[in-house]
Structures are given as C-alpha cells and as structure tokens.
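Take a look at the structure first.

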Amino acid sequence: MTVMRTERLMLRRWREEDVAAMAAINADPEVMRWIGDGSTRDTRSTRAGIEAMEREWEAEGFGLFAVEVTESGELAGFTGPVVPHYLPEVLPAVEVGWRLGRSFQGRGLATEAARAALRFGFGGRGLERVVSVAQIGNDASERVMAKLGMRPVLETVDPGCGRPVRVHEVTPAEAVLDAPG
C-alpha cells in the first residue's frame with residue numbers, strides 16, 4: 001500500500017470508511033462549484049468515483065490518494081496524479097488534482113498535499129511533466145498551482161461541461177517541492 005506523510009497529512013489508498021466522508025464533501029455545492037458543471041454527487045456516485053480511482057491505481061501504478069489529517073484522522077479529500085481523460089487535447093499527460101472539504105480549505109493543506117503528490121509523480125514515477133487544470137475563475141486553485149511552480153500554458157474548454165479552463169504545467173526542474181503550504 002502506498003502511503004506518504006507530510007507535516008500534517010497522510011496520503012494513502014482508499015478505504016471503505018472513506019465513502020461517507022467523501023460523499024459529504026461531494027454533496028457540498030461550494031466545494032463542487034468549480035468541478036465539471038458544478039453538480040453535487042451522492043453516496044452512490046462517490047462510491048463509483050472511489051472505485052474508479054482504485055482502478056486507475058491498478059492500471060497506471062498511480063492515482064488519487066485519500067488525504068487524511070494526521071492529527072484528527074479526518075478525511076480532508078483527495079489529491080494525486082491522474083490521467084486527464086476528460087481533456088483529450090492535453091494527452092498524453094498526467095494531471096495533479098485535488099479536492100478538499102470546505103472546512104479544510106484556506107489552510108495550505110491543498111498545497112501541502114499536492115506537493116507530496118508531485119514528489120511522488122516526479123520521483124516515484126519518473127514523470128517529466130505534470131499538468132493541472134482549473135476552471136477559469138477558480139482563483140484558489142490557480143494560487144495553489146502557482147505555489148507549486150506551475151505556469152499557465154493553454155486556455156480551452158472542458159468538453160464534458162462546456163466551461164472554460166486554464167491548463168498549467170510544471171517540470172521537475174520548475175516544481176516548488178519543499179516550501180511550506
């Protein structure tokens with residue numbers, strides 16, 4: 001089982017007990033505002049999503065980690081490298097993505113988790129380039145991307161929902177992997 005630890009977080013594979021906590025995150029309209037068309041997700045679709053994340057791990061040798069707050073044991077959300085099949089024009093590529101519950105936002109946890117995911121991708125998987133995608137207007141995610149050393153390279157439209165997105169990218173030499181959140 002792949003487990004990584006940061007100052008405040010544990011990134012790990014998914015467990016059955018994560019479904020309810022992730023479903024609560026996915027049911028929050030504020031959290032989902034910048035995800036696809038902004039629709040929330042119920043427990044059934046969350047479970048299917050977690051199962052898909054685990055299949056990605058099996059197929060690719062990497063995927064989205066469950067992000068657990070070490071001090072409390074709470075599931076904060078997810079982060080990790082994943083193939084962005086939803087945006088074919090950037091393929092071949094690996095994207096680092098994240099989604100945290102509202103109570104975990106604004107504390108540097110997304111940056112801390114994404115840095116660990118980048119270290120895993122660059123060091124553990126030998127990736128030469130990683131992208132990240134944010135809907136235009138999602139300033140919080142773009143701030144995280146900037147803290148990671150990512151630079152914008154493309155504006156396009158997410159074909160699944162029709163919303164405009166900005167693609168950022170970073171190489172191992174450009175990545176900021178050791179700064180605080």
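The protein has 5 helices and 8 strands. Helices (H or I, at least four residues) and strands (E, at least two) are DSSP runs, numbered from the N terminus. Along the sequence the pattern reads β-β-α-α-α-β-β-β-α-β-α-β-β.

This is a predicted model: local features need pLDDT of at least 70, side-chain atom pairs count only at pLDDT 80 or more, and totals for chains, interfaces and linings use all residues. Residues are numbered from 1 along each chain as its sequence is written, and side-chain values use heavy atoms, with hydrogens and water left out.

**Overall build**

A compact globule of 181 residues would have a radius of gyration near 16 Å, and the protein agrees at 15 Å. That radius is taken over C-alpha atoms; the globule rule is 2.2 Å times the number of residues to the power 0.38. Contacts (heavy atoms within 4.5 Å) with a separation of 6 or more are 61% between residues 24 or more positions apart.

| Property of the protein | Value |
|---|---|
| C-alpha box along the principal axes | roughly 40 × 35 × 35 Å |
| Buried share of the 181 residues | 50% |

Buried means under 20% relative accessible area, with a 1.4 Å probe and protein chains only.

**Helix H4**

H4 covers residues 109-124. Its 16 residues should span 22 Å at 1.5 Å a residue, and the end C-alpha atoms agree, lying 21 Å apart. The expected span is 1.5 Å times one less than the number of residues. H4 is mostly covered, with 13 of 16 residues buried. Gly 126 follows H4 and has a positive phi, near 70°.
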